[in-house]
Structures are given as C-alpha cells and as structure tokens.
Amino acid sequence: MLRYKVNILEKLKEAGYSSYRIRQEKILAEGTMQKIREGKIAMTLESLGVICDILECQPGDLVEWVRDEELNP
C-alpha cells in the first residue's frame with residue numbers, strides 16, 4: 001500500500017501555494033485536492049509531477065510503499 005510520507009498540503013502551503021491559490025490557478029483539480037486531504041493516494045502521475053515540480057522533490061520524497069501488515073498488524 002502507498003501512503004504519504006509528508007503532509008502534501010502543508011508542504012505546498014510552505015512553498016506559497018495555499019489551497020485557494022491552487023484552486024484559483026487551476027494547478028490541481030479539486031478532486032485531487034480532496035483525495036490528498038483524505039490521505040488517499042489516488043492521483044495521476046501528472047498531478048504528482050506538478051507537486052514535485054512545485055516542491056522541487058522526487059516522488060519518493062512524498063510517498064512510500066509499506067506492507068499491508070505494517071498498517072494493520
């Protein structure tokens with residue numbers, strides 16, 4: 001299972017991209033924003049690329065894979 005390693009919205013905000021700015025500039029779809037808020041990893045590679053571009057990071061800096069047993073022992 002994939003999970004976020006960091007709070008994506010917090011990191012975007014630190015980089016000057018509030019939820020309001022992201023919506024106004026149509027940087028990410030509202031559905032993508034909602035899934036990030038809910039902690040769901042259900043975004044396109046394009047959206048992940050946009051986030052990585054803004055934060056100047058690699059996808060592995062944002063998400064990680066863990067065995068299901070580690071989440072539900």
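Glu56 is found in the loop between α4 and β2 (63-65), where helices (H or I, at least four residues) and strands (E, at least two) are DSSP runs, numbered from the N terminus. Just after α4, Glu56 takes a positive phi of about 50°, and this is a positive value in a residue other than glycine. Most residues other than glycine have a negative phi, and most peptide bonds are trans. At 73% relative accessibility, Glu56 counts as exposed; here buried means under 20% relative accessible area, exposed over 50%, and partly exposed in between, with a 1.4 Å probe and protein chains only.

The model is a predicted one, in which local features need pLDDT of at least 70 and side-chain atom pairs count only at pLDDT 80 or more, while totals for chains, interfaces and linings use all residues. Residues are numbered from 1 along each chain as its sequence is written, and side-chain values use heavy atoms, with hydrogens and water left out.

A second residue of this kind is Lys26, whose phi is near 50°, a positive value in a residue other than glycine. Lys26 has its place in the loop between α2 and α3, and with a relative accessible area of 71% Lys26 is exposed. The loop between α2 and α3 also holds Ala29, which is partly exposed, with a relative accessible area of 47%. Between Ala29 and Glu56 there are 27 residues in sequence and 20 Å in space, taken from C-alpha to C-alpha.

The buried residues of helix α3 (residues 30-38) are Thr32, Met33 and Ile36. They cover an arc of only 100° around the axis, which puts them on the same side of α3, the arc being that of the directions from the helix axis to the C-beta atoms. An α-helix has 3.6 residues a turn, so residues three or four places apart point the same way. The buried residues of α3 pack against β1 (2-4), α1 (8-14), α2 (19-24) and α4 (45-55), where contact means heavy atoms within 4.5 Å. After α3 comes Gly39, whose phi is positive, near 80°.

The buried residues of α4 are Ser47, Leu48, Ile51, Cys52 and Ile54. Seen down the axis of α4, these buried residues fall within an arc of 160°, so they line one face of the helix. The face of α4 turned away from its buried side carries the exposed residues Leu45, Glu46 and Asp53, whereas the buried residues of α4 pack against α1 and α3.

Which residues is Ser47 in contact with, leaving aside its neighbours within four places in sequence? Ser47, placed in helix α4 and buried at 12% relative accessibility, is in contact with Leu28 and Thr32. Thr32, for its part, lies in helix α3 and is buried, with a relative accessible area of 11%; with its neighbours within four places in sequence again left aside, Thr32 is in contact with Met43 and Ser47.

The nonpolar side of the packing comes next. In soluble globular proteins, nonpolar side chains tend to be buried together. A nonpolar core is a set of buried Ala, Val, Leu, Ile, Met, Phe, Trp, Tyr and Cys residues joined through side-chain atoms within 4.5 Å. Of the 17 residues in the largest nonpolar core, Ile8, Leu12, Ile36, Ile51 and Leu62 touch the most other members. The elements that give two or more residues to this core are α1, α3 and α4, and α4 gives the most, with four residues. Not counting residues up to four places away in sequence, Leu12 touches Tyr17, Ile22, Ile51, Ile54 and Leu55.

How many disulfides does the count come to? The count comes to zero, a disulfide being a pair of cysteine sulfur atoms within 2.5 Å. The sulfur of Cys52 is 4.2 Å from the closest cysteine sulfur, in Cys57, which is too far for a bond. Cys52 counts as buried at 8% relative accessibility, and Cys57 is buried as well, with a relative accessible area of 17%.
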